[in-house]
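Reader: I am new to protein models. Could you show me how to read one, feature by feature?

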Amino acid sequence: MAKWGMVIDLDKCTGCQACTTACAMENNRLPGENWQDVLFYHEGKYPSAKLMWFPRPCMHCEHPSCVDVCPTRATYKTEDGLVLIDWNKCIGCKYCMIACPYGVRFYVDERPLVEPDVRGVFPGAGRGMWSPPYRAPNDREDWVHGVGIQPSGVVSKCTFCYHKISKAPKGVADLDEDIPELKEYVPACVRMCPPKARYFGDLDNPASHVNKLIADKRGVRLLDQTGNKPQVYYLSGGAGASVPGSRAAKT
Amino acid sequence: MSIADDIKLSRRRFLQASGAAGALGIGLNKFPGFVTLTEAKAAPPPAGAGATVITKSICHQCPARCGIDVYTTDGRVHAIYGSSEHPISNGKLCPKGPLGAYILYDPDRFKGPMKRTNPKKGREEDPKFVPISWDEALDTVAGRLNNLRAKGESHRFALLFGRGWGASCAGQLGPFGELYGSPNVPIGHSSICSDGSVVAKQCLDGNASYSAYDYRNANYLLIVGAGFLEAFRPYNNNMQVWGYLRGEKVPKTKITAVDVHLNTTLAASDRALLIKPGTDGALALAIAHVILTEGLWDRAFVGDFRDGVNRFKTGQTVDPAGFDEKWVRGLIEWWNIELKNRTPKWAAEVTTLAERDIVETAREFGGTRPAIALFERGAHTHSNGIYNGMAIHTLNALVGSLFAKGGLMYQMGPPYGPMPVKADDYKDEYAKNGPWKKFPRVDLKGHEDGYLLAKNMLQEVARNHLAGKPYKLDTVMFYLTNPVFSAPNAPQWEEMLKEVFVIDTSPFPGETAWMADLVLPDHTYLERLQDAPTYPFQGFPMTQLRVPAVKPLYDTKYFGDTLIEIGKRMKGPMGQYYKALNNSENVVRHLAKGFEKELGDNGVNGFESWKAKGVWYKKPYHWRQIGGEFYEWDGRGYNRRMTPAEVKDKLLKTESGKFEIRSGKLEHEAAWIARMTGRDPKRLMFPQWEEPKYTGGGDLHFVTPKTAMHAEGRGANLPTAIALFQPTVGGHGAKGALAEIHPSAAKARGIRDGDRIRIKSALGGIEAYARVTELTRPDTVVLPFEYGHWAHGRWATAQARGKGGAHVDTVVVNQSDRVTGMANYYTAKVTVEKA
């Protein structure tokens with residue numbers, strides 16, 4: 001069984017948000033309710049001000065604090081390393097949203113970010129929040145794995161495109177969009193990323209490209225001190241001198 | 001704000017009963033009557049779980065023409081990814097690409113042809129459109145055109161177009177004008193697009209074109225005012241290249257970027273230079289000065305002093321007789337007349353940049369091969385744009401990058417087959433010698449009273465029409481352009497459109513449609529069959545085919561067919577021509593016959609294979625300059641050495657066959673240029689510093705860039721694009737366009753972050769929300785131009801937030817570069833106050 005993980009090379013990321021829109025369309029997200037997002041920051045003053053950005057999917061932690069706090073066990077860790085939500089069990093209590101250190105969980109029953117509200121323009125049926133005219137084929141709806149159009153009253157999150165990667169051939173080390181027979185199994189954000197700043201593969205396979213990148217370019221994890229142990233690694237700089245993360249063992 | 005703070009904030013969003021962003025996002029839907037033209041709620045296509053079909057097509061959300069794989073299941077488009085087999089896409093897309101499915105299903109799009117029933121026109125006048133049949137619509141247009149022709153007034157019909165794609169749409173417009181008899185069919189939008197670079201390059205190397213670039217082999221990029229990671233085409237491929245240059249490439253390519261605010265391009269570069277608007281040419285002149293004084297120029301391409309001793313010393317003239325020029329003309333004269341005193345110290349004062357940064361940039365650019373200097377609108381949409389552009393492009397000559405590996409070149413065209421019929425065979429006496437022949441174009445393009453050297457002057461149409469000089473138009477048709485929103489001094493277009501019969505062909509309810517008498521809606525792009533030769537890319541010939549992923553959802557018609565159907569209704573041989581042409585698919589099929597002899601690298605050899613793969617291309621580019629000599633591809637390599645005559649014919653297309661720093665083209669028209677501009681006829685042919693003529697009368701520069709989410713005019717009505725519109729300054733989640741203003745400028749005016757502000761020029765005022773930021777120059781206000789729509793769909797008008805909406809071209813004065821014809825979009829100065 002694979003342990004899926006993502007590597008994001010910050011030296012290559014252009015901050016374009018193609019990951020965000022690819023995710024939004026693939027997962028029928030409400031406008032601005034971005035499972036995958038790019039956060040922008042700045043510091044300093046003109047003429048030497050600094051603009052930065054940070055691409056952020058769900059970290060699919062090894063020790064997810066969201067899972068620990070969920071009172072109904074709706075949110076859970078899968079055998080292949082994903083953190084998912086069973087929408088049949090979720091009661092929308094939002095404990096997980098408070099427990100998550102990364103802000104990557106979404107409860108979207110309130111006021112829309114963009115008006116007019118698309119939910120009024122493309123109304124959904126039953127508990128479906130809306131029905132976008134470009135929505136995914138109906139047979140993709142999979143509430144057990146939190147896949148499909150988010151119903152009202154539940155929390156949702158990035159699934160690493162579970163509906164794609166769960167169909168990937170068993171035993172592959174990496175899901176690389178440049179390999180024609182694998183591209184349909186690659187998460188949307190990885191597949192779309194124009195500068196190819198994203199890589200997706202098996203963290204349990206020492207021969208995977210993602211593990212080699214983490215090793216060669218000194219991959220780090222966000223807020224590593226929380227002990228959540230994200231399965232998303234960031235590459236930056238690649239110098240030998242670096243801040244050791246919790247994955248590092250003293251030599 | 002730290003990362004941790006921001007995460008806490010977003011985590012807390014669920015606690016907000018009503019977010020501030022949401023409250024700001026509520027807009028007045030100003031024209032409910034307009035919206036009722038369409039169904040209030042869109043009916044989604046049938047559901048299903050059948051087989052998924054992938055159609056190979058091309059995107060339509062910028063000029064780049066990326067190959068797309070359109071995923072359709074049971075007739076419903078539900079995903080768009082980049083085509084892996086397409087040379088531009090390589091499986092990737094920019095952030096706009098995936099949103100294309102939304103454009104197809106836009107609930108505000110027109111459902112069929114309509115005519116206006118309210119004779120009054122204006123922003124506040126509901127057109128009261130009623131549906132009509134295509135026959136009635138086409139007969140109405142043909143009737144008007146036949147009547148004008150019968151009266152000898154055919155010149156009073158104009159067809160204005162913007163994003164022309166290929167031979168089956170824009171390519172048909174020229175023959176239509178010649179057969180019908182109007183100098184105004186067509187008038188392209190290039191002068192409100194980017195002619196500043198096209199004409200600057202034409203003046204220097206004879207190629208009136210954007211450049212193709214070999215970035216992957218370049219070791220240095222100097223990017224001036226081009227928004228390489230936001231707007232410069234092909235955006236998607238630029239980012240692929242960026243990832244390679246900054247990731248895998250050995251050695252890593254160093255990049256300096258120049259702009260007026262800190263955008264993602266500048267932030268991702270090695271050096272960001274925040275330059276005073278309109279002074280980019282001064283920076284380029286100083287870089288050239290350093291390249292020459294420090295002996296960094298490429299001797300194999302440029303030439304050298306006969307004795308090999310560098311005599312370029314600051315402030316000292318040089319004897320031209322002592323220098324042998326190779327592929328440039330006029331270098332020593334340029335030095336003597338302009339460059340010798342253009343030091344980094346001088347440029348630092350003009351540009352406000354640090355002298356140290358200018359010198360370092362110059363040494364890196366001059367000392368790294370291959371190096372590319374590229375520029376676009378930021379540098380040339382000013383009164384001095386021709387010179388800014390020429391100064392920057394000349395840097396490419398100085399370092400020998402023209403047609404070199406890792407340099408820049410020009411795009412080859414596709415080997416299309418001939419059209420089914422020849423327009424020349426269908427010209428009647430009127431077409432050949434009718435009264436229309438004596439009329440100039442209404443925009444006075446190519447006329448000595450107007451813009452003799454320009455390619456188009458679309459921005460002059462409204463002004464000239466209103467003045468009746470050279471004459472008044474009667475009927476105006478629009479294809480993929482919306483100058484009533486996007487031209488400088490846009491309100492002038494509202495006045496013009498009130499006076500003429502307006503035919504719009506957009507599928508979307510834009511401002512032009514709001515002023516239209518007749519709407520003949522096009523298919524949206526996922527419904528079209530349409531050819532599109534590549535924009536300048538990597539030089540090798542390539543042409544794409546837009547292939548319908550679904551049958552048209554509504555009663556719309558591809559513009560190419562609308563034109564043919566109008567043509568069939570014209571009297572005389574013109575009607576016969578269009579009957580023989582038959583339809584646009586017939587045109588495309590004939591184009592594809594050219595591939596029978598020129599098999600594409602991907603096996604495309606005719607119409608069916610082109611349609612299956614969506615692209616024909618054939619590598620490589622045919623020419624290369626190596627070490628100061630030019631070679632042609634012989635089938636195996638760049639082996640065949642070219643003669644100077646061949647170089648002149650194919651590559652350096654100037655009178656001298658050289659890169660003319662002393663521009664023969666400008667010299668030829670020196671008397672006219674001097675008369676129109678007051679420039680010195682003895683030196684106006686050289687790249688030089690000239691103070692820009694700022695317009696508008698204010699104290700802050702006003703710059704209105706394109707953002708990554710622009711989507712060729714549709715971004716403002718795409719909810720997901722709205723939510724991601726201006727991320728660098730926190731325009732996340734439907735705050736709409738924010739006016740970036742520096743803290744010092746804001747404080748001096750009593751403006752705080754988030755305040756509603758009024759931006760005024762001599763033309764009037766608009767309102768926007770202030771984002772007080774250190775990312776923008778203290779003397780400049782930046783407001784992206786996508787917002788402020790007073791039509792264009794329910795989300796677009798909601799973002800405009802009422803009458804004071806941020807329609808930037810309300811306050812941008814209509815001034816153009818007299819040589820290039822480029823509208824001076826970024827040269828306005830405004831006053832800013834709290835609203």
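Reader: What is the mean pLDDT of chain B?

Author: pLDDT is the predictor's confidence in each residue, from 0 to 100. For chain B the mean is 93, and 93% of its residues reach 70 or more. The model as a whole scores ipTM 0.96 and pTM 0.94.

Reader: Over which residues of chain B does pLDDT stay under 50?

Author: Where pLDDT is low, the predicted coordinates should not be read in detail. In chain B this concerns residues 1-46, where pLDDT stays under 50.

Reader: How many helices and strands does chain A have?

Author: Helices (H or I, at least four residues) and strands (E, at least two) are DSSP runs, numbered from the N terminus. Chain A has 7 helices and 9 strands. Its radius of gyration (taken over C-alpha atoms) is 18 Å, close to the 18 Å that the globule rule (2.2 Å times the number of residues to the power 0.38) gives for 251 residues, so chain A is as compact as a globular protein of that length.

Reader: What share of chain A counts as buried?

Author: A residue is buried if 20 or more other C-beta atoms lie within 10 Å of its own, exposed if 12 or fewer, and partly exposed in between, with C-beta atoms placed from the backbone. By that test, 55% of the 251 residues of chain A are buried.

Reader: How many residues of chain B are in contact with chain A?

Author: Two residues are in contact if their C-beta atoms, placed from the backbone, lie within 7 Å. Here 70 residues of chain B are in contact with 65 residues of chain A. Helix 8 of chain B gives the largest share of chain B's side, 6 residues.

Reader: Is helix 16 of chain B mostly covered or mostly open?

Author: Mostly covered: 14 of the 14 residues of helix 16 of chain B are buried. This helix, residues 385-398, reaches 20 Å from its first C-alpha to its last, close to the 20 Å expected at 1.5 Å a residue (1.5 Å times one less than its number of residues). After helix 16 of chain B comes B:G400, whose phi is positive, near 70°.

Definitions and conventions:
Residues are numbered from 1 along each chain as its sequence is written. Chains are lettered from A and ligands numbered from 1 in the order in which they are written. This is a predicted model: local features need pLDDT of at least 70, side-chain atom pairs count only at pLDDT 80 or more; totals for chains, interfaces and linings use all residues.
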